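Hello,

I am handing over the structure below, with notes on what was found in it. Please read the notes with the structure open.

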Amino acid sequence: MKYGLLHVAVKNLKRKAFRTAVLVVSIGLLVSILVFGASFLLSVSSTLEKAVNRLGADVLVVPTGARDYAEEVLLETKTKAFYMDRGIIDRVKNVEGVQDITYQTYMTTVFGLCCDIPPATVVSFNHDTDFIVNAWLDKSIGRKLKKNEAIIGFEAYDNLGLYDVSSSLLFGVKFDLVGVLDKTGTGLDNAIFMSDENIDEVISRGKAGLKPDTISVIFVKVKNGYDPLQVSRNIEGAIIEVDTIERNDMGKKIITSLTDIKNIFLITIILAFLLSAFLAWTVFSAIVNERSREVGIMKAMGARNSDIVIMFTLEILILGFLGSVLGILFGTYLSLSLSNFFSLLKDMAASLSITERVGIGLLGIVAGSGICMIGAFSSIIRLKNLEPFAVIKEA
Amino acid sequence: MQLLRRHRLAQIEVRDTSKIYRIGDNVIRAVDRVSLNVNRGEFVSIIGHSGSGKTTLLSMIGGILRNSEGEVLYNGTDIYRLREDELSKYRAKKVGYIFQFASLLPVLTAKENLLLPTIFSKNGSKPGGKKAEEYLDMVGLKDKIHAYPSQLSGGQQRRVAIARSMMNDPELILGDEPTGDLDEETELQIMDLLGRVNRQNSVTIIFVTHNSELAGTASKQLKMSNGRLHEI
């Protein structure tokens with residue numbers, strides 16, 4: 001290393017290796033909380049946005065009071081069954097601004113009673129009108145599903161343990177399992193899909209708890225130039241038996257429930273920030289007492305106030321940078337490890353873009369270095385203003 | 001004319017300078033209306049008892065303690081009328097200071113301690129590393145280049161400090177008890193070294209001591225008592 005203030009700063013940090021390590025770890029913990037929190041919140045938002053995009057609908061129509069259930073099935077991994085009259089399809093078609101519609105019916109399996117798989121959502125969809133599942137089928141098996149054929153969602157394959165299973169009993173009907181869909185990032189990754197040609201037979205076996213001529217959800221695409229929100233209001237105004245979810249409102253329930261988590265993160269980060277700042281202040285106050293004579297000697301040798309400020313700022317920035325790097329690594333590790341406990345975060349690694357990751361990293365570095373600067377500010381000013389003779393004489 | 005000539009000759013001119021401390025109602029004159037002229041290349045000793053004001057006077061000449069009254073001129077310029085940065089530059093480029101105590105930075109090796117003043121004087125173009133080694137050789141510590149202060153004896157540390165005071169080729173070296181706490185042999189070595197620097201490089205040396213024998217080695221001897229300066 002070229003001899004200069006940086007060299008002196010590094011040597012000073014090495015002098016008290018344990019104290020330096022404590023400060024670095026403390027900043028590292030703060031930054032790791034920050035990185036984990038930011039990754040978590042960004043990832044949830046990103047996952048939700050991608051899931052909503054994958055569904056490709058502008059408005060969802062569900063039975064009155066079933067908004068939350070629909071979001072739980074479509075965006076989370078929960079199994080819910082909710083139904084409305086099939087006749088509503090035609091009524092929705094007639095609402096102004098509606099261009100295309102398709103519908104799905106959700107059934108829940110019960111192991112041993114109706115089915116030979118653990119509890120899961122089975123989605124029945126209409127091949128002719130569908131603008132969601134058909135595209136997924138094209139990518140995985142390249143054809144439509146035939147009668148008595150079913151296909152497994154990406155997550156369901158693992159979650160239900162359907163390895164090397166070629167057929168399954170669903171609601172008393174034998175289905176050939178023809179493949180596994182690619183990952184979609186939606187809650188439907190946990191479902192099994194069949195075409196609605198099978199619905200009559202399923203109902204006739206009486207094991208699905210499904211009445212004839214019922215469906216769960218209608219997906220609506222609005223005509224160009226129409227505001228989805230307005231169309232959504234039109235549908236609710238025209239049909240009393242339904243609720244609607246406009247595209248931008250999808251996932252709001254989840255985001256609302258995340259607000260509490262966000263606040264907890266925020267409070268934790270603020271506390272960690274204050275603690276780290278206090279620690280930095282304590283450490284640098286001790287440094288002022290320890291090194292005031294050295295600073296006096298340096299000033300007597302011609303060090304300018306700016307030299308003193310630069311030297312200590314370098315020490316702070318090195319501490320902050322090391323702490324930040326440690327925190328970014330630990331925070332990322334924490335995010336990826338803990339993501340298994342949160343269904344929405346299973347794809348955290350993939351759901352954050354490079355820009356978002358770099359942004360989080362920079363945020364970590366700025367926070368880590370900033371905390372040191374704030375904690376050490378008063379100490380640096382004291383060192384800068386030391387009168388050389390006074391501190392040399394005191395020593 | 002005489003005044004102009006004196007100005008041209010005197011490298012350091014201390015004019016009616018005092019340092020006054022006020023503690024409550026008490027007024028203490030640590031240095032009391034002192035006047036002093038030192039020409040380039042002089043070797044000056046200031047002798048006096050502890051508390052006589054000699055360190056205070058030396059510090060004022062070195063630019064690390066502002067005077068309360070009078071003027072401290074260096075080559076005709078009152079150093080305490082300089083801006084803070086200019087005063088730092090004076091300390092860095094014109095003055096080499098040898099402190100009364102071990103003043104080496106403990107985290108730096110002997111060589112790194114020598115290089116420290118060069119950072120502040122911004123003499124980046126000079127090959128500082130080689131020069132530091134030469135100076136350490138000159139003070140008999142060639143084999144201690146990479147030693148830390150804790151690995152050096154008191155006398156060796158003092159020699160490193162003397163070598164450090166010369167790193168920026170100062171025109172003036174100020175020694176505050178430069179041989180304090182050292183054994184007689186080391187004391188003689190250090191005074192011999194300072195004498196050589198004075199003779200070979202025409203560097204002005206002012207040192208303070210309470211040892212009259214040591215003070216006698218200087219070409220000009222002054223005495224301080226109760227803040228007042230007298231020629232011996």
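**The sheet of chain A**

In chain A, strand β4 (residues 121-125) runs parallel to strand β8 (residues 191-195), and 5 bridges pair the two. One of the residues involved is Val122(A), whose bridge partner in β8(A) is Ile192(A). Please keep in mind that this is a predicted model.

Both strands belong to an open sheet of 9 strands in chain A, with mixed pairing and the order β6-β7-β5-β8-β4-β3-β10-β1-β11. The edges are taken by β6 (167-170) and β11 (242-246) of chain A; each has a single partner strand, so one side of each is left without a neighbour in the sheet. On average, neighbouring strands of this sheet are turned by 30° against each other, direction ignored.

Helix α3 (residues 67-75) of chain A lies across β1 (59-63), β3 (98-108), β4, β10 (217-222) and β11 of chain A. The helix runs at about 50° to β11(A).

**The sheet of chain B**

Chain B has an open sheet of 6 strands, again with mixed pairing. Its order is β6-β7-β8-β3-β9-β10. Here β6 (95-98) and β10 (228-231) of chain B stand at the edges with a single partner strand each, so one side of each has no neighbour in the sheet. The twist from one strand to the next averages 20°.

Within this sheet, strand β3 (residues 43-48) and strand β9 (residues 220-225) of chain B run parallel and are joined by 5 bridges. Gly48(B) has Met224(B) as its bridge partner in β9(B). Helix α6 (residues 154-165) of chain B packs on the sheet, where it touches β6 and β7 (172-176) of chain B, and its direction makes about 170° with that of β6(B).

**Where the chains meet**

In the contact between the chains, 31 residues of chain B meet 23 residues of chain A. The area buried between them is about 2,500 Å², and carbon and sulfur atoms give 67% of this. Ile64(B), Val107(B) and Phe120(B) supply 25% of the area that chain B buries against chain A, more than any other three residues.

Which residues form the salt bridge between the chains? The count is 1, and Glu112(B) forms it with Lys11(A), the closest N and O atoms being 2.8 Å apart. Across the interface there are also 5 residue pairs in polar contact.

The elements of chain B that give two or more residues to the side touching chain A are α2 (54-62), α3 (84-93) and α4 (110-121). Of these, α4(B) gives the most, with 7 residues. By type, the residues on that side of chain B are 17 nonpolar, 7 polar and 7 charged.

Regards

How values were computed. Residues are numbered from 1 along each chain as its sequence is written. Chains are lettered from A and ligands numbered from 1 in the order in which they are written. This is a predicted model: local features need pLDDT of at least 70, side-chain atom pairs count only at pLDDT 80 or more; totals for chains, interfaces and linings use all residues. Side-chain values use heavy atoms; hydrogens and water are left out. Contact means heavy atoms within 4.5 Å. Buried area is the accessible area (1.4 Å probe) that two parts lose on being put together, summed over both. A salt bridge is a side-chain nitrogen of Lys or Arg within 4 Å of a carboxyl oxygen of Asp or Glu. A polar contact is a pair of N or O atoms within 3.5 Å; within protein, one must be able to donate a hydrogen and the other to accept it, and residues adjacent in sequence count only if both atoms are side-chain atoms. Helices (H or I, at least four residues) and strands (E, at least two) are DSSP runs, numbered from the N terminus. Ala, Val, Leu, Ile, Met, Phe, Trp, Tyr, Cys and Pro count as nonpolar, Asp, Glu, Lys and Arg as charged, and the others, Gly among them, as polar. Two strands pair if DSSP finds at least two bridges between them. Axes are lines fitted to C-alpha atoms, for helices over the stretch in contact, and angles run from 0 to 180 degrees between N-to-C directions.
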